[in-house]
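Please keep the sequence and the structure in view while reading.

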Amino acid sequence: MQKGGVGKSTTTINIAGALSDRGHDVLVVDADPQGGATLKMGLRDEYRSSEHALFDILSDMGQLTYDDLDQLIVETDEFDIIPSHLKNFNLEKYLYSEAGGHEALRKAVDRLDTEYDLILIDSPPNLGPLSDGALIASENVLFPSHPNTIARDSLEILFDEIETIETKFDQYDIKTMGAVLNEVPSQGNVAREVEDWFFETFGEDYVFKVPERDVVEHAIEFRTSIFQYDPDEAGYPWDEDAQKDVMASYNRIANYLEEFL
Ligand SMILES: Nc1ncnc2c1ncn2[C@@H]1O[C@H](COP(=O)(O)OP(=O)(O)OP(=O)(O)O)[C@@H](O)[C@H]1O
Ligand SMILES: [Mg+2]
């Protein structure tokens, strides 16, 4: 999803948290040079000063090759993550001009030695070679969006991009798995017209709502998903209902993703 600030990174972390809570081995790949998921998980040092990064794997300007992706894996209490890095900003330009640049991430992920039940890729908020690379690597898209009509335009642009990729690389079939309507206001409901449009576009069973709740932000400040969030340690007043509500939302998504395992 190329739109900024709709909750891509937060959704990625919390789905990973849900799947890990359910006993699955999960890898999060942070393909966004801005490092949303990486910084949210507290990996600031890795982001700023790790010796190696995706840049070294996906470009031929570093010492690493596609086979070395395992070396970037960082373990957290919940799931593994391939963190982003400041130098990945240079990747956009590089992959754009390089033949095969769009397929680089897929090649590297395919050669991972470590086995995972599921790999989630957090995309940057643009349509460049890294988000194209994420689409090609996964061939499955979950579309996070705020519950408003602006999403229609974003989605049309994304569908055009997917069509362009599929025309250029006809061996890939990129499927839309569903939409996550993020930050649904806790009091108000989603406007009927907006909800209907999402239902028609994705199918009613594939539109997942996540409420807007402070506890989501608090968990992120605590550097965990909502599933490992400990309000006592974090020092926030505990809104137990809100936490349960949000966990139920992410569990519904996790439950759906388990169908693919
Ligand atoms: N369900 C929610 N309830 C409350 N706050 C939320 C919720 N989801 C996301 N947020 C907050 O919204 C902000 C944007 O979320 P996030 O960084 O995940 O978006 P993004 O799409 O990854 O942004 P970018 O396009 O910059 O990568 C963050 O501060 C996050 O904590
Ligand atoms: Mg993000």
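## Ligand 1 and its surroundings

A polar backbone atom of Arg213 lies 3.0 Å from a nitrogen atom of ligand 1. This placement, like everything else in the report, is read from a predicted model. When ligand 1 is taken alone it exposes 640 Å², and the protein buries 82% of that area.

In the side chain of Asn182, an N or O atom is 3.0 Å from a nitrogen atom of ligand 1, while in the side chain of Lys40 an N or O atom is 2.7 Å from an oxygen atom of the ligand.

Strands of a sheet are held to one another through backbone hydrogen bonds, in either a parallel or an antiparallel arrangement. One open sheet of this model has 4 strands in the order β2-β3-β1-β4, and its pairing is mixed. Its edge strands are β2 (74-75) and β4 (118-122), each of which pairs on one side only.

Strand β1 (residues 26-30) runs parallel to β4 and is joined to it by 5 bridges; across this pair, Val26 stands opposite Leu118 of β4. Helix α1 (residues 8-21) packs on the sheet, where it touches β1 and β4, and the direction of the helix makes about 165° with that of β4.

## The sheet of three strands

A further open sheet is formed by 3 strands in the order β5-β6-β7, with parallel pairing. Because β5 (140-145) and β7 (207-211) stand at the edges with a single partner strand each, one side of each is left without a neighbour in the sheet. Neighbouring strands here are turned against each other by 20° on average, if direction is ignored.

Strand β6 (residues 175-184) pairs with β7 in the parallel sense over 5 bridges, and Pro211 in β7 is the bridge partner of Val184. Helix α9 (residues 192-202) packs on this sheet and touches β5, β6 and β7, with its direction at about 160° to that of β6.

## The annotated region

The UniProt record, an unreviewed entry, carries the annotation "domain: AAA" for residues 2-169. Over residues 2-169 the chain of the model is 45% helix and 12% strand, and the end C-alpha atoms are 21 Å apart.

Definitions and conventions:
Residues are numbered from 1 along each chain as its sequence is written. Chains are lettered from A and ligands numbered from 1 in the order in which they are written. This is a predicted model: local features need pLDDT of at least 70, side-chain atom pairs count only at pLDDT 80 or more; totals for chains, interfaces and linings use all residues. Side-chain values use heavy atoms; hydrogens and water are left out. Two strands pair if DSSP finds at least two bridges between them. Helices (H or I, at least four residues) and strands (E, at least two) are DSSP runs, numbered from the N terminus. Contact means heavy atoms within 4.5 Å. Axes are lines fitted to C-alpha atoms, for helices over the stretch in contact, and angles run from 0 to 180 degrees between N-to-C directions. UniProt positions are given in the numbering used here, feature names are shortened, and annotations may be inferred rather than shown by experiment. A polar contact is a pair of N or O atoms within 3.5 Å; within protein, one must be able to donate a hydrogen and the other to accept it, and residues adjacent in sequence count only if both atoms are side-chain atoms. Accessible areas come from the Shrake-Rupley method with a 1.4 Å probe; for residues, only the protein chains shown count as cover.
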